[in-house]
Amino acid sequence: MEHDETGCQPPPEGPILCVNNCGFFGSAANMNMCSKCYRDTVLKQEQAKLAASSIENLVNGSTASEKGETIVVGSVDVQSDSVEAKAVALPSSPTSSSSVVSEVKAKEGPNRCGTCKKRVGFTGFKCRCGHLYCGAHRYSDKHDCQFDYRSAAQDAIAKANPVVKAEKLDKI
């Protein structure tokens, strides 16, 4: 009777398992999914909507960034009928959107040595050539480094020591 007066609903009789059968417990606020499955589902929905809108813009021949507009992507929760609006700015060129996707894929894997493919984690050494190496291959002579240290040093010396010319003196 107390629940009828306040308008609250009684809690469920027992815990509800995630609808994706991942083994964790879900909640009604997350469409009976666990937090991880719900987050993945929302992320996939947002990516699909963003991809559809970017394809539509490419077909139409105009992008939203040229007009200075933002695209509003809404994620709908079926159980509670609420809509969350998020503003997403589109990249200015179609080639940059594919590079963003490739950057995300590159960050997924563990950090590995460029020579022996050993996992290095946080202890990896980033070389000036741009690759990551373990402790054994961190030096340039150990991993066949393509970086030109000589020209880099010459440029650094040239910047640090500008040519100074004295004013010409009048000869007597």
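Asn21 sits in the loop between β1 (16-17) and β2 (25-26); helices (H or I, at least four residues) and strands (E, at least two) are DSSP runs, numbered from the N terminus. This is a predicted model, in which local features need pLDDT of at least 70, side-chain atom pairs count only at pLDDT 80 or more, and totals for chains, interfaces and linings use all residues. Residues are numbered from 1 along each chain as its sequence is written, and side-chain values use heavy atoms, with hydrogens and water left out.

Back to Asn21: its phi is near 55°, a positive value in a residue other than glycine. Most residues other than glycine have a negative phi. Asn21 is also exposed, at a relative accessible area of 71%; here buried means under 20% relative accessible area, exposed over 50%, and partly exposed in between (1.4 Å probe, protein chains only). Asn32 is another residue other than glycine with a positive phi, near 60°. Asn32 belongs to the loop between β2 and α2 (35-60) and is partly exposed, with a relative accessible area of 22%.

As for the cysteines, the structure holds zero disulfides, a disulfide being a pair of cysteine sulfur atoms within 2.5 Å. For Cys22, the closest cysteine sulfur is that of Cys34, and at 3.4 Å it is too far for a bond. Cys134 is in no disulfide either, with the nearest cysteine sulfur, that of Cys113, 3.7 Å away. Cys22 is partly exposed, with a relative accessible area of 34%, whereas Cys134 counts as buried at 6% relative accessibility.

Cys145 is placed in the loop between β6 (132-133) and α5 (149-160), and at 17% relative accessibility it counts as buried. Leaving aside neighbours within four places in sequence, Cys145 is in contact with Cys127, Cys129 and Ser140, contact meaning heavy atoms within 4.5 Å.

Zooming out, the protein has five helices and six strands, which follow the pattern α-β-β-α-α-β-β-α-β-β-α along the sequence. Of its 172 residues, 16% count as buried. Among contacts in the protein with a separation of 6 or more, 18% come from residues 24 or more positions apart. The accessible surface comes to about 14200 Å², with 56% of it belonging to carbon and sulfur atoms; accessible areas come from the Shrake-Rupley method with a 1.4 Å probe, and for residues only the protein chains shown count as cover.
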